[in-house]
Amino acid sequence: MNDLDALLPLLTPEGRALLDEVRGTDPAQELAVATRLRRDHPAALVSAALGQARLRQRAVAKFGAGDAGRMFFTPNGVEQSTRTTVAAYRAERMRALGVTSVADLCCGIGGDAIALARAGIRVLAVDRDPLTAAVARANADALGLAGLIEVREADVTEVDTTGYDAVFVDPARRGGRGRIFDPESYSPPLSWAVEAARRAPRAAALKVAPGIPHEAVPAGAEAEWISDGGDVKEAVLWFGTEPGTVRATLLPGPRTLLSRRLPDPAVRPVGRYLYEPDGAVIRAHLVAEVAEQVGGGLLDATIAYVTADGLVPTPYATAYEITDHLPFNVKRLKALLRERGVGTLTVKKRGSAVEPEELRRKVKPQGPNAATVFLTRVAGAPAMLIGHPARPAQSVSTP
Ligand SMILES: C[S@@+](CC[C@H](N)C(=O)[O-])C[C@H]1O[C@@H](n2cnc3c(N)ncnc32)[C@H](O)[C@@H]1O
């Protein structure tokens, strides 16, 4: 039986009822549940339902329990889909650009198509894989969006997108040997997606890996790096917005920092505070913009840590108050942590080859207190900066 043959019976009333019954099955109970259900249902349907229930559980982190519990997935589809927070943010940008219809070329199981439809946009969702296209169709149905999403099983390079305001392309970036880094090896290749984007009448967005080099951003495109909860999720190349713009967008929010093409910040002595810029800010090369906001400079010309004397609240970096600045030395660190009763040690590093876990094993933190150690370089020399998350000054209430 192929995967499509396993999916279709799950879409029948019997399949849906079975899916409801196996919802939230504890993995340890799976065998017992399967044995019981096989008395009344075909064995293949029972194992398809249990497999789908596992995928739904995996998908909760991306889609939330409400949607994940109603949607259908494939293992690759869960892995490659865009999480709701990011897809909804992008869809809202499309809507704000005046887009009313989008050709979603490489729709996968429909993560982006769903968000676009929920923004009120009509979607042509295309995927060449028969199972994936069937799953995208089932998802549009399950979420009540079938009126806005037309799913087509086809090769995107053969689809006519005339009549759509915008194009969205999320190429496959995984091959048989894992992640693909060369954008020309994406399926379809980035150069094809750029041509499709340039033909779109109103706007286009191409999802690419966050590691894309700035030199690879095509002429006339905007580049946006997006993080969610501090983790960098993707870069997007936009067409139909302000050409040449570079921005970092942080979710939830959204909070967007635009490039002002500032020169690199100067290196300066360690101040009272260290600012750790969000990953999207670093990928977008906007550390200078953050340094300017907080009135700071770099610890080292090659490292994206900002230091400053004052505490300036910014959503684009996490501030730490630094209590000690020492040359890197494990014995000194161990002695200092013991003296301060530090049992909870957070290790952060940039520009150091030391493994955080190995360091924690060596210093054996013990005690009631917490601290953060930054392993980095200060003006070229390996250093340890010890501190804790900065707390804004409390206003003192007078009786
Ligand atoms: C990264 S996934 C898309 C994920 C989707 N945006 C989501 O949020 O669910 C890429 C998809 O592109 C499809 N694909 C790759 N090359 C294609 C082509 N030439 N034509 C149509 N689909 C293609 C793959 O089957 C895969 O499902």
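Predicted model: local features only at pLDDT ≥ 70, side-chain atom pairs only at ≥ 80, totals over all residues.
Side-chain values use heavy atoms, with hydrogens and water left out.

Now the layout. The domain assignment gives domain 1 (4-73), domain 2 (79-257) and domain 3 (273-394); bounds like these come from an automatic or database domain assignment. Between domain 1 and domain 2, the C-alpha centres are 29 Å apart. Their contact takes 12 residues from domain 1 and 18 residues from domain 2, where contact means heavy atoms within 4.5 Å.

On to some helices. Helices (H or I, at least four residues) and strands (E, at least two) are DSSP runs, numbered from the N terminus. Helix H2 (residues 13-22) packs with helix H3 (residues 30-37) at about 145 degrees, their axes 12 Å apart. Those axes are lines fitted to C-alpha atoms, for helices over the stretch in contact, and angles run from 0 to 180 degrees between N-to-C directions. Who meets whom? On the H2 side we have Leu-18, Glu-21 and Val-22, and on the H3 side Val-33, Arg-36 and Leu-37. By class, that contact has four nonpolar, no polar and two charged residues.

H3 also pairs with helix H4 (residues 43-68): the axes come within 10 Å and cross at roughly 145 degrees. Here Glu-30, Val-33, Ala-34 and Leu-37 of H3 touch Val-46, Leu-50 and Arg-54 of H4. The tally for this one is five nonpolar, no polar and two charged residues.

Next, the second largest pocket. Rolling a probe the size of a water molecule over the atoms shows where empty space is left. On a 1 Å grid over the protein atoms alone, a pocket is an open set of points where a 1.4 Å probe fits, with protein on both sides within 12 Å along at least five of seven lines, and lining residues have an atom within 4 Å of a point. The second largest pocket holds about 450 Å³; grid points are joined across faces, edges and corners, and a volume is the space filled by probe spheres set on the points.

So where does the second largest pocket lie? Domain 2 and domain 3 both give residues to its lining, so it lies between them. There are 28 lining residues, with His-214, Ile-282, Ala-284, His-285 and Leu-286 nearest the centre. They divide into 17 nonpolar, seven polar and four charged. Helix H11 (residues 287-294) gives the largest share, three residues.

Look at His-285 again: its phi is near 60 degrees, a positive value in a residue other than glycine. His-285 sits in the loop between helix H10 (279-283) and H11.

Last, the cis peptide bonds. One runs from Ser-187 to Pro-188, with omega near -5 degrees, and Pro-188 is in the loop between strand S6 (178-179) and helix H9 (190-199). Another joins Gly-253 and Pro-254, omega about -5 degrees; Pro-254 is in the loop between strand S10 (246-251) and strand S11 (255-258).

Terms used
Residues numbered from 1 in each chain as written. Nonpolar A, V, L, I, M, F, W, Y, C, P; charged D, E, K, R; others polar.
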